[in-house]
Amino acid sequence: MRNLLSTQATLVHSLAEGVHIDSLSDIAPGSSATTGLSNNEVGEPSDVEKWSTELPDFIDVLLAERRIDEALDRLDEGDSVVAEAKAKNTLTPVMLLSLQTAIIERRQRLADQLAEAACQPSTRGAELRAAISALKKLGDGPRAHSLLLNAHFQRYQYNMQSLRPSSTSYGGAYTAALSQLVFSAIAQATSDSLAIFGQETAYTSELVMWATKQTEAFALLVKRHALASSAAAGGLRSAAECVQIALGHCSLLEARGLALCPVVLRLFRPSVEQALDANLKRIEESTAALAAADNWELTYPPASVRLAGRTGAATGGGSTANQPKLSSSAHRFNSMVQEFFEDVGPLLSMQLGSRTLDGLFQVFNSYVNMLIKALPSAMEEEADFEGSGNKVVRLAETEAQQIALLANASLLSDELLPRAAMKLSPSSQASYKDDSRRRPMDRQNRNPEQREWKRRLVNSVDRLKDSFCRQHALDLIFTEEGDSYLTAETYIHMDGRNMDEIDWFPSPIFQELYAKLNRMAGFAVDMFVGRERFATLLLMRLTETVILWLSEDQTFWEDIEEGPKPLGPIGLQQFYLDMKFVMCFASQGRYLSRNLHRTVNDIISKAMAVFSASGLDPNSVLPEDDWFNEICQDAIERLSGKPKMTNGERDPNSPTASVSAQSISSNRSHGSS
């Protein structure tokens, strides 16, 4: 066919030239002599002219046979001939124009043919790359790049037709299948683009925009078919799994220069936040439901919870030595929080660690509000707390139950919640993962954000502690009718009695204070195992609350200073004994704080100043401190059920025997301390 076409073209051109030569001979027969050329020499076309005449037909044959590379070579060769003809005038203007027009037309036909092939679904792999590369060589790079991206888009869209999510389909499976389709297409398109077009800015920009658009469409599908339902129901783990799958595929593209993880995180963040909030709300509501029927008795967690929460280095066998003792609602709270923190990778990668900690604090604070409502406090302002709403809470009626409230809150805030939150500090975990001997609290304290978060937890527990101490202080000081046990009459009406007949002993209210603290200390031994400091601080706070009330009771001091009867020597001695008794049992119980010590000394100094205002010297009527110390020690032994005995009888040298304190008062030099 090619030879036939070439022969025909030569024949046609020869005939045309022959006619032209003959006509010229008739008109100018001597022309050959003038030019020095024969007729044959003038009429014979040059090799360039012959090649130029044959080129269009030859390219047509190549295009018909889809011999793309050869067609490109011939087109390039034609461009070279055109350039040379222009420079050396080897072709007539007519032939040059004809050749240029033919090359342009064939080039356009080849481009259209390549574009059509690239759009065919059957064109893929090496064939697609060859077509796009050829189109780029033709000088239509932008069109070629767009066609390449569109070809990959059409292919994965076609493959997605077999992916039909349903309401019962597993969200993770759907996300994984869709991620495989979309990100594989993006990866292949990236490879093809870089291989053909290199790092040219125009093409890389278009590639990034296209990949971002496909990622956004992918995220919309995942949110619609997988994330929406799980996020609304609080399925944080399901939502996190979907995000993790998508991030895993995105991370593989980073080696190719595409950073799509920020796009995925930005698009999935609202759904994960919704799941996070719904999950925290579920913890709050579930815990509140149990608090309504909680008997506030501390028990070890059920065996199933222990097995689920035990790590590889935790307790062995079925031992409960390291298991927390909590009430039922606190156990539910703890188990749900521990489960909540099992899969926190996406929360960290989405920079939701701070939001998670804040949400957990709000839930814990709401639980503390319910614990405060469980106290049978007589103060109306305790009945309503922000966050607790109208939730019904079972009252903790006994002291043991009320201390159990504090045990719940303190164990959660000091150990269990910070231990769970450690999973939000992967850097801290990595540096300490091999140090099993280091307590979780030590590792947690290295993170400033978590230190501040734990401080907020402690402050929340302090509200419960303050309410507890205030209630028990009021129970000590006031009767059910609202009358006060702690009045000035207790001391100013004592004078007039024979001092030798007085059996010196602390006043009833301070006896009851000591008995209450003693009972609470007994409860704390079992409830605050390993956390004795919290129990000590609790007893310290309760003692301070009672003494501060006395220090600030204006009615008491007005009656002492301006009452109908002045404070006499016996009343002053009893008051001094009561204060020394408080300092004595607080010191022995190791909850004598600096604040308590200072407040008691201030109260003693104030009482002695009132007594001095009557013209008497308090040092002249008060025994030595040793006498008070012996009285206090004897009272502690009697009240604790361990009286000091000598041969079955009370020690006759006991300061509570009929010994006149007045007999030793004259030699005493008394200070305010």
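Because the model is predicted, local features need pLDDT of at least 70 and side-chain atom pairs count only at pLDDT 80 or more, whereas totals for chains, interfaces and linings use all residues. Residues are numbered from 1 along each chain as its sequence is written, and side-chain values use heavy atoms, with hydrogens and water left out.

A nonpolar core is here a set of buried Ala, Val, Leu, Ile, Met, Phe, Trp, Tyr and Cys residues joined through side-chain atoms within 4.5 Å, where buried means under 20% relative accessible area, exposed means over 50%, and partly exposed covers what lies in between (1.4 Å probe, protein chains only). The largest such core has 152 residues, and within it F268, F510 and F585 touch the most other members. Its largest share, 13 residues, comes from helix 12 (residues 261-291); helices (H or I, at least four residues) and strands (E, at least two) are DSSP runs numbered from the N terminus. Apart from this core lies another, of 22 residues, with L114, I132, L135 and A151 among them.

What does F585 touch beyond its neighbours within four places in sequence? With contact taken as heavy atoms within 4.5 Å, the partners of F585 are F510, L513, Y514, L517, Y591 and I636.

The whole structure contains 20 aromatic pairs, counted where rings of Phe, Tyr and Trp (its six-membered ring) have centres within 6.5 Å, with planes under 30 degrees apart called stacked, over 60 edge-to-face and the rest tilted. One of these pairs joins F153 and Y156 edge-to-face, at 5.5 Å centre to centre and with 90° between the planes. Both residues lie in helix 8 (residues 141-159), 3 residues apart, about one turn of the helix; F153 is partly exposed, with a relative accessible area of 25%, while Y156 is buried at 4%. Another edge-to-face pair is made by F581 and F585, at 5.0 Å centre to centre and with 75° between the planes. These two belong to helix 25 (residues 569-588), where they stand 4 residues apart, about one turn of the helix, and both are buried. Elsewhere, Y491, F556, W557 and F575 form one aromatic cluster.

Charged side chains also meet aromatic rings, a charge being over a ring if NZ of Lys or CZ of Arg is within 6 Å of the ring centre and within 35 degrees of the ring normal. R456 lies over the face of F361, 4.0 Å from the ring centre, and the charged end of K325 sits over the ring of Y300, 5.5 Å from its centre.

Helix 14 (residues 328-340) holds N334, which is buried with a relative accessible area of 10%. Not counting residues up to four places away in sequence, N334 touches L326, L412 and L416.

Helix 27 (residues 625-639) has 15 residues and reaches 21 Å from its first C-alpha to its last, close to the 21 Å expected at 1.5 Å a residue, the expected span being 1.5 Å times one less than the number of residues. Its buried residues are W627, F628, I631, C632, D634, A635, I636 and E637, and the helix is followed by G641, whose phi is positive, near 85°.

The structure holds 0 disulfides, a disulfide being a pair of cysteine sulfur atoms within 2.5 Å. C632 is buried, with a relative accessible area of 0%, and its sulfur is 5.1 Å from the closest cysteine sulfur, in C584, which is too far for a bond. C469 also counts as buried, at 1% relative accessibility.
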